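Hi everyone, thanks for making time. Let me put the model up on the screen and then talk you through a few spots in it.

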Amino acid sequence: MIPKEFYNNGLFCSEIESYMTDDSNLFYSLASQLFDKEKIKEDILDIKPNTANLDFDSFDVFTKSYCYTVNVSFDDENFFLNSESDFLKNNTHDILPEYVGSGTYKLGEKISYLIFKSDRGTAIHDVGISFVFLSRFRFLECLQILKPFKSELSFADYSDFIFKHFDISASIPEIAETSIYKVHKKEQIQKITDPIKDYFYSSLDFDCFKGDDFCHGNLNIDNISTNGTLFKFHDFHCGFTGNGFLDLCFMSLNFSYDNYMFTCLMRDYCEINNLDYNESKPIFRSCLLAASCVFIYKKLNELLIEQCLFENKREEKITSILYCFDKAQWCFKRLPFYDSIRKNFEDIYQSPSRILD
């Protein structure tokens, strides 16, 4: 368990790869107490941790009848947990996880939690991103089901939070000074992040991003599943209401799609939504610029944390970020300021092994 003082928002527990059945384990004890609080009268068979990040930990709890996902954080005002809790409470559908309960609980420290029933098929992580591309028309039809759902957050709200929350000098100042800035100079990082924010807020037309569509906000290979014909979506903590093109732009960056694959996705989306592709080009290109700004800013700071705090030990996480950066160059080069940050940016993300010397 990582102490609360290590991060502002707190990492509750470290990641564990195997299933756990030991009722003396911390995960088991926590799940059992939360089940009692939410009056879930089922015996816990085993537990499998999902992810651990700077904001919350996630683990699956298996009973005879269901699989429950439990997300926990030391931060009782956690943006991501509150966002997903509100979304699941206010929207119900067979395609969505079933909300069970959320709130705060005292377990030594006061924690914030969310519990929902999970019903996952085969993860895209297991079948490959090419499967989604080849089945993209069916995928987009399934994604249409999300559009009428409601979120209190706009894309502007979401992006404001990301730029504030992933500013490491403000969100984790002590750790930044003692760990990150000893590896990469603060001034070098700011020469990358400041132009991103300046361009995002001063040069983009936010009217393009407005809309009534619900956007998942972070579609990636770990939160989409399939039964071979239909697709289902999970992890709604990044959701917002806005232009539907934004969801596909973030997805293309997360899936490391190239320009051709992105264009095919846009054409099919326009066809399904009865939009003129040529007339839509300025809109989805603006959405891609905005998504690229948020993406590169968030992922850069995640990379710094993986490099400097976890010392590259979480190999899957760091290689995933580096792969995304390499494959997204065609997007980044469209950003007018990219040439001015490229040298500093590449110096950081192309040299992660230096901290292991």
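First, the housekeeping. This is a predicted model, so local features need pLDDT of at least 70 and side-chain atom pairs count only at pLDDT 80 or more, while totals for chains, interfaces and linings use all residues. Residues are numbered from 1 along each chain as its sequence is written, and side-chain values use heavy atoms, with hydrogens and water left out.

Let's start with helix H2, residues 79-90. Helices here are DSSP runs of H or I with at least four residues, strands are runs of E with at least two, and both are numbered from the N terminus.

Where H2 starts, a side-chain oxygen of Asn-78 comes to within 3.0 Å of the backbone nitrogen of Phe-80. Quite a few H2 residues are buried, including Phe-79, Phe-80, Leu-81 and Phe-87. Buried means under 20% relative accessible area, exposed means over 50%, and partly exposed is in between, using a 1.4 Å probe on protein chains only. The buried residues of H2 pack against strands E3, E4, E5 and E7, plus helix H6.

So what about Glu-84, buried or exposed? Glu-84 sits in helix H2, and at 1% relative accessibility it counts as buried. Its side chain reaches the backbone nitrogen of Phe-236 at 2.9 Å. Beyond its neighbours within four places in sequence, Glu-84 is in contact (heavy atoms within 4.5 Å) with residues including Asn-71, Leu-114 and Asp-235.

Now another glutamate. Glu-306 is in helix H12, residues 277-308, and is buried, with a relative accessible area of 6%. Which side chain does Glu-306 pair with in a polar contact? That's Arg-314, at 2.7 Å. A polar contact is a pair of N or O atoms within 3.5 Å; within protein, one must be able to donate a hydrogen and the other to accept it, and residues adjacent in sequence count only if both atoms are side-chain atoms.

Glu-306 is also in contact with Asn-312, which lies in the loop between H12 and helix H13. Asn-312 is buried at 12% relative accessibility, and its phi is near 65°, a positive value in a residue other than glycine. Most residues other than glycine have a negative phi. Asn-274 has a positive phi as well, near 55°, but Asn-274 counts as exposed, at 73% relative accessibility.

Next up, helix H9. Its 18 residues reach 25 Å from first C-alpha to last, close to the 26 Å expected. Among its buried residues are Ile-189, Ile-192 and Ile-196, and the buried set packs against H6, H7, H8, H12 and H15.

Last stop, the loop between E8 and E9, where you'll find Thr-229. Thr-229 is partly exposed, with a relative accessible area of 49%. The C-alpha atoms of Thr-229 and Arg-138 are 7.6 Å apart, although the two residues are 91 residues apart along the chain.

Strands E8 and E9 each supply at least two residues of the lining of the second largest pocket. Ser-225, Asn-227, Leu-230, Phe-231 and Lys-232 lie nearest that pocket's centre, out of 13 lining residues. A pocket, on a 1 Å grid over the protein atoms alone, is an open set of points where a 1.4 Å probe fits, with protein on both sides within 12 Å along at least five of seven lines; lining residues have an atom within 4 Å of a point. That's it from me!

Technical notes
Expected span 1.5 Å × (residues − 1).
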